[in-house]
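Please read the following report alongside the sequence and the coordinates.

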Amino acid sequence: QPATAAPRRGKVPRPPRRPIAGLASLVLLALVATFFAWVSAEPLWLALGRGSAGTATVTNCAGDGVGQRCEGAFTSAGGTFTSGSVRLLGVTQEQRSAGTQVSARMVDSDSGTAYVAGDTATLHLRWALGLTLVLLCGVGIVWATGALRLTDRRSRRLATLTSLAAPLLLTIGFLAATF
């Protein structure tokens, strides 16, 4: 008589999370992912070469270091558009005085932010760090909602993929909106 294989026992999944905790975590992490997708979209387009080069004139700078906030006026290189009041990012200590003109880039005339042209490291850091945090929010959603605790293998995969894809779809939406 042939030997029959013993039924394979899989790992018993942990009990599912409480729905209210999972839902609250989902909403919180979705909002955090939305924020990081929003602040990463413009730097990513500029890093990819999209946008208009021009000159920004510093009108006001307050604070120091990370708390520095600078404002100015931006004029595109071809004179196609002018933005009277934009936030300036990447202004150095020497460029802070009112009236200083710096080379800068903006995604388009609707943008409220101009990035100082010589500061490519910070530009790449802004989009790379932001997108990394968006991906981490997706991982957090997988954990917080208990997607890996579902008993059915297909349901586990679908819930995990959906949880990871949702923040990426938000990012794609913000990239499309800023294009």
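How many disulfides does a search of the whole structure find?

## Disulfide and cysteines

In this predicted model, a search of the whole structure finds one disulfide. The bond is formed by Cys61 and Cys70, whose sulfur atoms lie 2.0 Å apart, and the link between Cys61 and Cys70 is right-handed, with 115 degrees about the S-S bond. A disulfide is a covalent bond between the sulfur atoms of two cysteines.

Both partners, Cys61 and Cys70, are buried. Cys137 also counts as buried, because its relative accessibility is 5% and the cut-off for that class is under 20%.

## Packing of α1 with α2

Two packed helices are described by the angle between their axes and the distance between the axes. For α1 and helix α2, which spans residues 120–145, the axes come within 8 Å and cross at roughly 160 degrees. Since angles over 145 degrees count as roughly antiparallel, α1 is therefore roughly antiparallel to α2.

The crossing of α1 and α2 is left-handed. Sorted by class, the residues in the contact of α1 with α2 comprise 19 nonpolar, seven polar and one charged.

## Packing of α1 with α3

Helix α1, made up of residues 19–47, also packs with helix α3, residues 153–178, at an angle of about 40 degrees and with the axes 8 Å apart. That angle makes α1 oblique to α3, and the crossing of α1 and α3 is right-handed.

On the α1 side, the contact is made by Ala30, Ala33, Thr34, Ala37, Trp38, Ala41, Glu42, Leu44 and Trp45, while α3 contributes Pro167, Leu170, Thr171, Phe174, Leu175 and Thr178. The residues of this contact of α1 with α3 divide into 11 nonpolar, three polar and one charged.

## Gly79 in the loop between β2 and β3

Where does Gly79 lie? Gly79 is found in the loop between β2, residues 69–76, and β3, residues 82–89. Is Gly79 buried, partly exposed or exposed, and why? Gly79 counts as partly exposed because its relative accessibility is 49%, and the exposed class requires over 50%.

Gly79 can also be placed relative to Gly54: the two residues are 25 residues apart in sequence, and their C-alpha atoms are 8.3 Å apart in space.

Note on methods:
Residues numbered from 1 in each chain as written. Predicted model: local features only at pLDDT ≥ 70, side-chain atom pairs only at ≥ 80, totals over all residues. Heavy atoms only, no water. Axes fitted to C-alpha atoms, helices over the stretch in contact; angles between N-to-C directions. Helix = DSSP H or I, 4+ residues; strand = E, 2+ residues; numbered from the N terminus. Parallel < 35°, antiparallel > 145°, perpendicular 65-115°, else oblique. Left-handed = near helix turned anticlockwise from the far one by under 90°. Contact = heavy atoms within 4.5 Å. Nonpolar A, V, L, I, M, F, W, Y, C, P; charged D, E, K, R; others polar. Buried < 20%, exposed > 50% of the residue type's maximum accessible area, 1.4 Å probe, protein only. Disulfide = S-S within 2.5 Å.
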